[in-house]
Amino acid sequence: MGKQKVNSVLPPGSYYFSGDEAVAEGAIAARCGYCAGYPITPATETLERLSVRFGEVGAAFMQMEDEIASICSCIGASWAGAKAMTITSGPGFSLMQEAIGYAVFTETPLVLVDAQRSGPSTGQATRVGSGDIMQAKWGSHGDYLAIALSPWSVQELYDQTINAFNLAERFRVPVFVMAEEATAHLHERIEVGAEVELFNREKKPGAPPFGTEEEDGVPPMPVFGDGEKLLITGSTHDEWGVRKITHPEIHRKLVTRLQKKILNRSQEIIQYDSHYLDDAQVAVICYGFTARSALFAVEQLRGEGKKIGVLRLKTLWPFADELIKDIGSRVGKIFVPEMNMGQVAGEVMKYAACEVVSYGQVNGEIVHPHTIIEQLRRLV
Amino acid sequence: MVRELEKYFRPGIGVTTYCPGCGEAILQGLILRAIDELKLNMDEMLFVSGIGCAAWIPSPYFNADSLHTLHGRTIAFATGAKMVNPKLKVMVISGDGDLADIGGNHLIHGARRNMDMTVICANNQNYGMTGGQVCATTPEGALTMTTHQGNPFRPFDLCRLVKAAGAVYVARYAVTQPVAMVRGIKKALQTEGFTFIEALTPCPVQFGRRNKLGKPAEMLKDLMTKCISEEKAETLSTEELKSKIITGEL
């Protein structure tokens with residue numbers, strides 16, 4: 001158990017996929033054993049592909065009656081021993097929030113791909129947005145922390161879907177792949193290697209499934225049918241799963257451990273790219289599809305001698321707070337373009353000592369490189 | 001529940017959470033009796049329950065894998081587990097509010113898909129755990145904490161609903177019919193596909209008290225007089241049938 005290299009399911013080589021198709025192939029590469037979902041634009045194509053491909057590789061696919069049933073069946077499947085995934089967009093992500101809290105509290109590994117579209121509500125169902133970022137952090141009630149990734153290309157939708165399964169199994173936590181309509185429906189060439197590195201669930205027969213000696217530990221995870229007589233509940237519980245619904249110390253310890261098991265390992269989880277930051281006077285902090293426009297814009301302005309750098313966040317939660325604190329102490333200004341009203345900009349302002357300029361665009365279109373160039377010219 | 005069935009209880013469980021006079025403790029014993037008579041291996045069973053009094057029947061008491069889930073979503077959770085490990089003998093045990101109100105959609109879709117699981121719905125005609133509010137099985141006119149002038153709406157006939165949705169075995173028994181109930185649960189467990197038992201159980205503390213149905217013993221007696229077989233029902237007039245409940249395989 002733990003990390004191991006396995007052969008890729010797809011023969012190594014180049015493929016021309018949409019983002020949705022890449023998610024499906026990433027799940028297959030990660031040996032996902034169960035996927036349930038409900039049709040929703042712009043995520044439907046992943047379901048359609050998996051309904052065919054899972055039949056070929058011997059995994060189980062279910063189209064459920066709604067998004068709540070989809071994620072709940074994934075939690076059941078995860079405890080029955082499968083790597084499980086559900087796929088949706090904003091309205092479905094909203095419906096799934098209660099079950100996300102259940103998955104966090106019962107430490108159930110789960111991958112959720114949210115192909116974001118412009119909201120709120122039905123919004124513009126076929127247009128792009130990035131408005132679910134804070135929902136990935138705070139959407140379910142109570143205090144918790146999950147992991148959210150932000151891919152910027154079809155290649156990364158493939159790679160980060162695999163990474164999401166590894167993180168989910170490693171930390172026993174739901175992991176969100178925050179795709180966007182623009183990447184979900186984009187067709188690009190991707191490279192598939194000969195091997196994939198996977199993390200497989202740790203089992204330890206007889207060990208408590210919900211507690212460890214360490215205050216930030218990740219317990220081993222048994223599955224149904226192992227004879228462990230599992231007791232799984234969304235109520236506060238001790239290390240054996242026994243309900244403890246009035247004990248202050250047990251609740252504090254559990255809620256704190258679930259945060260610490262992620263936060264204390266954030267260096268292991270957080271991934272980012274940086275470009276031209278060494279001598280930068282202005283830093284652009286970006287993620288997802290917007291980072292494509294931002295990098296193009298910065299390279300244009302670099303050609304004119306403007307000292308601008310780019311930090312692209314590949315992991316949104318846990319947040320790269322230390323890194324942003326450091327950048328904020330070295331540059332004069334930080335610019336944050338995004339397809340929402342400043343959800344990540346608000347987080348950057350918490351940690352950066354310098355001036356932070358938010359550019360939030362909510363018109364259902366991608367942030368164009370020329371828009372970013374125009375905005376940056378005002379700052380430099 | 002008799003002492004010999006205590007071997008199915010999780011070690012260390014001292015007390016149960018039922019109110020005085022609750023019929024769910026009887027149902028708990030009858031479910032274990034059926035499992036015992038069929039000699040099922042508890043290590044191959046998965047009990048899934050939701051939120052509410054009846055969700056406590058298997059969890060934490062039964063010494064087997066148990067998944068105590070969100071309110072209403074039991075059948076969805078159970079579906080995922082069964083899809084991944086078909087060897088699991090899946091039993092969903094929950095209440096009427098959980099399975100038929102908030103979870104009604106999952107109930108009919110589980111039946112439509114004919115997922116291989118046995119669902120036991122403890123019907124106590126109200127939301128007991130939250131203090132006795134109206135639910136989808138509360139009789140018309142009944143008093144509850146949210147229908148002080150009487151329930152203005154008709155109740156679901158759960159067996160007809162689930163049968164129409166495609167369940168392969170559907171039966172209704174009251175906890176006052178222990179022998180028939182055990183036989184029904186056994187048959188449900190032995191039948192492949194989606195099987196459903198509606199277990200009528202009195203709730204003296206929350207429902208009986210407000211509707212002046214008397215002490216627990218009187219509520220049990222009332223169930224004994226009301227519950228009749230389909231054959232018996234055929235001999236009665238429409239007017240006579242109004243006060244009766246048809247039980248048996250439906």
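My entries follow, starting with the ground rules.

**Ground rules.** This is a predicted model, where local features need pLDDT of at least 70, side-chain atom pairs count only at pLDDT 80 or more, and totals for chains, interfaces and linings use all residues. Residues are numbered from 1 along each chain as its sequence is written, chains are lettered from A and ligands numbered from 1 in the order in which they are written, and side-chain values use heavy atoms, with hydrogens and water left out.

**The sheet.** I looked up the strand order first. I found an open sheet of nine strands, E12(A)-E2(B)-E1(B)-E3(B)-E4(B)-E6(B)-E5(B)-E8(B)-E7(B), with mixed pairing. Helices (H or I, at least four residues) and strands (E, at least two) are DSSP runs, numbered from the N terminus. Two strands pair if DSSP finds at least two bridges between them.

Which strands stand at the edges? They are E12 (231-233) of chain A and E7 (227-229) of chain B. Each has a single partner strand, so one side of each is left without a neighbour in the sheet. Neighbouring strands are turned by 25 degrees against each other on average, direction ignored. Axes are lines fitted to C-alpha atoms, for helices over the stretch in contact, and angles run from 0 to 180 degrees between N-to-C directions.

I then picked E4(B) (117-123) and E6(B) (194-200), which run parallel and are joined by seven bridges. In this pair, Thr118(B) stands opposite Thr195(B). Helix H6(B) (178-190) packs on the sheet and touches E3, E4, E5, E6 and E8 of chain B. Contact means heavy atoms within 4.5 Å. The direction of H6(B) makes about 160 degrees with that of E5(B).

**Largest pocket.** I noted a volume of about 1100 Å³. A pocket is an open set of points on a 1 Å grid over the protein atoms alone, where a 1.4 Å probe fits, with protein on both sides within 12 Å along at least five of seven lines; lining residues have an atom within 4 Å of a point. A volume is the space filled by probe spheres set on the points. The lining has 34 residues, and among those nearest the centre are Gln125(B) and Lys244(B). H8(B) gives the largest share, four residues.

**Second largest pocket.** This one has a volume of about 540 Å³. Its lining counts 25 residues, with Phe105(A) and His141(A) among those nearest the centre. H5(A) gives the most, five residues.
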